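Dear colleague,

I am passing on the structure we spoke about, and I would be glad if you could look it over alongside the notes that follow.

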Amino acid sequence: MSKKILIVDDDPNNIFALRLTLKARKYQLESCMMAHEAIRILKEDQDFCVVLMDMMMPEIDGYEAIKIIRNTPEISKMPIIAVTAQAMDDDRQKCLEAGAQDYIKKPIDVDLLLNAIEKHC
């Protein structure tokens, strides 16, 4: 199984921090800043073990992106971890209902993130 992760976040600082953390743990990483780009990448390369999806992005947010992925046959089973600053009690449930397998709130607890990733990679 590939240890390749797609990071989708509209904030380059978040991508940078995630890359540093995950690269040190030998994951192969690809990133993009827009949901439509993430969907294109996933259609072209289904070798990712998980997607880290920011939920609050311009144009297409993470909720809509997850729905599109779930409704696209060749990538519908891709594991997705919602990563969001939205940390109210019902936000976790909203992410899971949208089709995410897991939920990590920002600022990211690295141990929780790594545990979530290890479930899928």
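In which helix is the place of Asp 91? Asp 91 lies in helix α4, which covers residues 89-98, and please keep in mind throughout that this is a predicted model. Leaving aside residues up to four places away in sequence, Asp 91 is in contact with Tyr 63, Gln 86 and Tyr 103.

Ile 104 belongs to strand β5, residues 102-105, and is likewise buried, at a relative accessible area of 6%. With residues up to four places away in sequence again set aside, Ile 104 touches Ile 81, Ala 82, Val 83 and Thr 84, as well as Leu 112, Leu 113 and Ala 116. From Ile 104 to Glu 44 the C-alpha to C-alpha separation is 26 Å, and the two are 60 residues apart in sequence.

Turning to helix α2 (residues 35-44), the buried residues there are Ala 35, Ala 38, Ile 39, Ile 41 and Leu 42. Viewed down the axis of α2, these buried residues fall within an arc of 160°, so they line one face of the helix. What they pack against is β1 (4-8), β2 (28-32), β3 (50-54) and α3 (62-70).

As for annotation, an unreviewed UniProt entry lists residues 4-121 as "domain: Response regulatory". Over residues 4-121 the chain is 44% helix and 20% strand, with the end C-alpha atoms 8 Å apart.

Conventions
Residues are numbered from 1 along each chain as its sequence is written. This is a predicted model: local features need pLDDT of at least 70, side-chain atom pairs count only at pLDDT 80 or more; totals for chains, interfaces and linings use all residues. Side-chain values use heavy atoms; hydrogens and water are left out. UniProt positions are given in the numbering used here, feature names are shortened, and annotations may be inferred rather than shown by experiment. Helices (H or I, at least four residues) and strands (E, at least two) are DSSP runs, numbered from the N terminus. Contact means heavy atoms within 4.5 Å. Buried means under 20% relative accessible area, exposed over 50%, partly exposed in between (1.4 Å probe, protein chains only). The arc is that of the directions from the helix axis to the C-beta atoms.
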